[in-house]
Amino acid sequence: MGNPAVVGLAGFGLTTLLLQIHNIGLLGIGPVLSMGLVFGGLAQMIAGFMEQKVGNNFGFSAFVAYGSFWIGLGIIWLLNHFNIYSASHTDVGWYLVAWALYTCIMLAASFYVHKAMAITFILLEIGFIFLIVGHFGFPKMNVVAGYELIFCALSAWYMMAAIIINDLAGKTVLPLGTAWAKTAN
């Protein structure tokens, strides 16, 4: 059976990268919305449900949750665009606070996976904090978050590449590192 994490990490990385290119002012929202709903949202959720089938609670929770994040964010943008409900920067800020709290839990859990996972979640948590500050009155922080979260997106893609390349090579070509925390045996 294939590893569903490759799809989840690809979707997370690509949509995160596109949103950050938007946040630094180089891309409109259309491509971000499209990929956010399809690859970041739907594909990540499918990967998460497949992670559940192989018994990976971490991947199950992460991919279904962040897939939902992307679908939810896309809905917020669509509601704003069609003047159904205009979410303020503060509204989105509280949305981000909730996601930063969830990410904090996943960050703690990532210490039991491997170094690359922990680094990705550290970068994601820092990015959420910058975005929260940006949405609660310091909009320049959204640009800072954009640059910082590009590294998060690339970190997710590194993990995806490591899984694919290491599997095909039959050996470790791209190391993921050991877990920072040890499990009890």
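My entries below cover helix packing and then pockets.

**Entry 1: a word on the model.** I am working from a predicted model, and I kept that in mind throughout.

**Entry 2: α1 against α6.** I began with helix α1, residues 5-23, and helix α6, residues 140-169. I found their axes 8 Å apart, at an angle of about 160 degrees. Angles over 145 degrees count as roughly antiparallel, and α1 and α6 are therefore roughly antiparallel to each other. I noted the crossing of α1 and α6 as left-handed. I then sorted the residues of this contact by class: 19 are nonpolar, six are polar and none is charged.

**Entry 3: α3 against α5.** Next I turned to α3 (57-81) and α5 (115-135). Their axes cross at roughly 30 degrees and come within 15 Å. The cut-off for roughly parallel is under 35 degrees, so α3 is roughly parallel to α5. I have this crossing down as left-handed too. Which residues meet here? From α3 I listed Phe-58, Tyr-66 and Phe-69, and from α5 Met-117, Phe-121, Leu-124 and Phe-128. By class, the contact of α3 with α5 has seven nonpolar residues, with no polar and no charged ones.

**Entry 4: the largest pocket.** How much space lies in the largest pocket? I wrote down about 460 Å³. The largest pocket is lined by 25 residues, and the closest to its centre are Leu-19, Asn-23, Leu-73, Trp-77 and His-135. At least two lining residues come from each of α1, α3, α4 (89-110), α5 and α6. α3 gives the most, with seven residues. The lining of the largest pocket divides into 16 nonpolar, nine polar and no charged residues.

**Entry 5: the second largest pocket.** The volume here is about 300 Å³. I looked up the 23 lining residues and found Ala-5, Leu-9, Phe-58, Phe-63 and Met-117 closest to the centre. Two of these names, Phe-58 and Met-117, were already on my list for the contact of α3 with α5. For the second largest pocket, α1, α2 (29-53), α3, α5 and α6 each supply at least two lining residues. Which helix supplies the largest share of this lining? α3 does, with five residues. By class, I noted 16 nonpolar, six polar and one charged residues in the lining of the second largest pocket.

How values were computed:
Residues are numbered from 1 along each chain as its sequence is written. This is a predicted model: local features need pLDDT of at least 70, side-chain atom pairs count only at pLDDT 80 or more; totals for chains, interfaces and linings use all residues. Side-chain values use heavy atoms; hydrogens and water are left out. Axes are lines fitted to C-alpha atoms, for helices over the stretch in contact, and angles run from 0 to 180 degrees between N-to-C directions. Helices (H or I, at least four residues) and strands (E, at least two) are DSSP runs, numbered from the N terminus. Angles under 35 degrees count as roughly parallel, over 145 as roughly antiparallel, 65 to 115 as roughly perpendicular and the rest as oblique. A crossing is left-handed if the near helix is turned anticlockwise from the far one by less than a right angle, and right-handed if clockwise. Ala, Val, Leu, Ile, Met, Phe, Trp, Tyr, Cys and Pro count as nonpolar, Asp, Glu, Lys and Arg as charged, and the others, Gly among them, as polar. On a 1 Å grid over the protein atoms alone, a cavity is a set of points where a 1.4 Å probe fits but cannot get out, and a pocket is an open set with protein on both sides within 12 Å along at least five of seven lines; lining residues have an atom within 4 Å of a point. Grid points are joined across faces, edges and corners, and a volume is the space filled by probe spheres set on the points. Contact means heavy atoms within 4.5 Å.
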